Amino acid sequence: MADTAKEKSAPREASSLWRPLRVPTFRNLLAANVVSDIGTFMQSVGAAWLMVSLHAGPIYVALTQTAASLPYFLLSLPAGSAGDIVDRRKLILATETWMVGVALLLCVLTIGGFMTPWLLLVLTFALSAGDAFETPSWRAILPELVPKEDLAAASALNGIEFNLARAVGPALAGIVIAIAGVATAFVTNFFAFFGVILVVAKWKRPVRKRTSPTETFSGATIAALRYVRYSPAILRVLVRTGVVVFFSSALFALLPTVAHSANKSAIGYGLLLGCFGAGAVAGALIMQPARAKWSTETIVSAGVVILGITIAMTSVFHELATLAPVMLIGGAAWVLFVSLINTLVQNLAPDWVRARVLAVFILVFQGSFALGSAVWGAVAQRATVEAALVSAGLGTIATTALVFFAKLPDAPADLSSWNHWRMPVFVKEDDSDLERGPVLVTVEYSVIPERTAEFLDAIHQYARIRRRDGAYSWAIFSDTEVANRYLEIMLVQSWAEHLRQHERFTRADGELECRLLSYLAKEMVLRHLIYARSEAHKTSE
C-alpha cells in the first residue's frame, strides 16, 4: 500500500511547475533572464517610440520590427550549427558581450542627439543579430540545466518568465520614457545584460565526450536542412508557422501607430504591450488544462482564430480603454499558438539535431515576421492602417484551412537514439580515413515471395530515413537472375558521416525496420565500400 502511494505521488511531484527552481544555475539564470528580457522589451518600445517621435512614416515604424526580426532569418542556420559544434557557454558569453557594446552605442548616440531613422534601424538590426546568433544555443542548453523529467516544467517557467517581462517591460518603458525620455530606456537595457553574463560566466558546464567524429560547420548545416527536408511532420509545422506569423505580424508592426493615434504619450503604447503580455501569462497558465481536454490541433486552431479576430478588432477601436482588453485576449491567443508550436518542434527533433531544427524553425518564424511586417507596413502606407489590420486579421483566420493540408501531429514518436546496428569496420582505420568518401553501403534482401508488395512499400518509406540521416543518394534494385532478391544502395558523403548516421537511428525508426525485416526469407547481407582513388588522383587533389 505504501509503495502504491509513492507511485501515485511521484508523477504529481515530477509535474510540479516549480521543481526546476531547485537547480541553482537554472534558478539564477531564470531570475537574470527576467531582468534582461524586461530591458529588451524596454529597448523595443523605446526604438519604436523614438521612430514615431522622429516623425517617420508608418513604413519606418514597421521596418523597426523588420530590423529586429531579419537577423533571425539570416543567422539562424549558422547559429544552430555553431551551437552544436562549439562550446555553447562561450558562444552565449560572446554574443552577450556583442549586445552590450551595441546597447552602449545606442545610448551614446541617443543621448548625444545624433540618432536618425536609418541609424536606429541599423543599430536595432545589430542588437538583434547578437540575440539571433545566441538563441539556438540558449534554447539547447535547457536539457543541460535540469533533469529530463523537469524539462516540461522548465519550458513552462521560461514561457511565464518571458511573458511576465512582456507585461512589465513595455509598461515600465512607457513610464520611463514619459518621465525621463527614450535614452533612459536604452540605458536600462544596457545594464540589464550584466546579470545574464555573470550567471553564465559562473556556470561550470560539464565537458561532453563525443562518441562520433565532430561535424564540420558546413556539414552540420547541410545535415539540418536534410533532416527537415525528409521529416514530413516538421515540414507541416513549419508551413503552418510561416503562414500564420506572416499575417499576424501586422499586429506587432502597426501597434505603435495605433497606440500613437489613441494616446500621444508612450505610456499608452507601453500599457497596450503590457496588456498583451499579461494576456500571454494567463494563456500560459490555462494551456495545460486545455491540453488535457483537447488536441494540439484544436487548441492551436482556436488560438489562431481568436488572434485573427483581435487583429481585425484593433482597427475598430481607437481608445486605450477598449484596446486594452483586446490586447489581453490577443496575448492569450498568441501564446497558445507560439508555445504549442515551439513544443512540437522540440518534440519532433532528436537530441543530435535539435538545436539546428530549432534554428530552422526560428528562421521560418522570424523570416515570416520580417516579411510580414514590411508588407503590412507598406499596405498601411499606401492604403490605411485600418485596412491593413482588417486584411491581416481575416488572413490569419483563413490560415486555419491549412488543417486539411498540414495537420499538426499530436503525439510525437519516440525519438531517443537506438544505435543497434553493428558498427562497420574499416581496415587499418586512422584519422585520415574519416573524411574519405563517398561511402557506398549495400544491403541485400531475400524477400518472401508473398510479401513482395509489402516489402517494396516499406523499403520506399525506409528511404526517407536513410536520406534524412545522411544518405545523399538512395535506390532499390531487383536482381534479374535471382527471384525475390533486392539490393538497396545508398551513398554517404564520408566515412565519418556514415559513423554519425549509425547514431541517428531512433526507436521510432525501429518500428518500420522491424516490419521490413518481417518480410525477409533470410538474414540480410550488408556491405560497406569506399571510393578508391588512384595515387595520381590523390596527388592532383
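Glu-488 and Arg-466 form a salt bridge in this predicted model, a term that here requires a side-chain nitrogen of Lys or Arg within 4 Å of a carboxyl oxygen of Asp or Glu. The closest N and O atoms of Glu-488 and Arg-466 are 2.8 Å apart. The pair links distant parts of the chain, with Glu-488 in strand 3 (residues 485–492) and Arg-466 in helix 16 (residues 452–469), 22 residues apart. Helices are DSSP runs of H or I of at least four residues, and strands are runs of E of at least two, both numbered from the N terminus. Glu-488 and Arg-466 are also both buried. Buried means under 20% relative accessible area, exposed means over 50%, and partly exposed lies in between, with a 1.4 Å probe and protein chains only.

A word on conventions is in order. Residues are numbered from 1 along each chain as its sequence is written, and side-chain values use heavy atoms, with hydrogens and water left out. Because the model is predicted, local features need pLDDT of at least 70 and side-chain atom pairs count only at pLDDT 80 or more, while totals for chains, interfaces and linings use all residues.

I remain with the charged pairs. The structure holds 10 salt bridges. Which residues pair with Arg-468? One partner is Asp-469, with the closest N and O atoms 2.8 Å apart. Another is Asp-509, at 2.6 Å from N to O. Arg-468 lies in helix 16 and Asp-509 in helix 18 (residues 507–517), so this pair ties together parts that are 41 residues apart in sequence. Asp-469 and Arg-468 are buried, and Asp-509 is buried as well. In general terms, side chains of opposite charge can pair when their charged atoms come close.

Arg-226 brings us to helix 9. This helix covers residues 217–229, and its 13 residues should span 18 Å at 1.5 Å a residue; the end C-alpha atoms are 19 Å apart, which agrees. The expected span is 1.5 Å times one less than the number of residues. The buried residues of helix 9 are Ala-220, Thr-221, Ala-223, Ala-224, Arg-226, Tyr-227 and Val-228. What covers them? The cover includes helix 3, helix 10 (232–262), helix 14 (354–382), helix 16, strand 2 (471–478) and helix 17 (495–503).

Let me turn to helix 4. Its 24 residues, 88–111, should span 34 Å, and the end C-alpha atoms lie 35 Å apart, in agreement. At the start of helix 4, a side-chain oxygen of Asp-87 reaches to within 2.9 Å of the backbone nitrogen of Arg-89. Just after the helix, Gly-113 takes a positive phi of about 80°.

Within helix 4 we find Thr-95. Is Thr-95 buried or exposed? Its relative accessibility is 7%, so Thr-95 counts as buried. The side chain of Thr-95 makes a polar contact with the side chain of Glu-134 at 3.2 Å. A polar contact is a pair of N or O atoms within 3.5 Å; within protein, one must be able to donate a hydrogen and the other to accept it, and residues adjacent in sequence count only if both atoms are side-chain atoms. Leaving aside residues up to four places away in sequence, Thr-95 touches Gly-130, Phe-133 and Glu-134, where contact means heavy atoms within 4.5 Å.

Two loop residues deserve mention. Ala-406 is found in the loop between helix 15 (385–398) and strand 1 (439–446), and Ala-406 is buried, with a relative accessible area of 5%. Residues up to four places away aside, Ala-406 touches Arg-236 and Arg-240. The C-alpha atoms of Ala-406 and Leu-238 are separated by 9.5 Å, although these residues are 168 apart along the chain.

The other loop residue is Asn-484, between strand 2 and strand 3. Asn-484 has a positive phi of about 65° although it is not a glycine. Most residues other than glycine have a negative phi. At 28% relative accessibility, Asn-484 counts as partly exposed.

I close with the protein as a whole. It has 19 helices and four strands, and buried residues make up 51% of its 541 residues. Among contacts between residues at least 6 apart in sequence, 85% join residues at least 24 apart.
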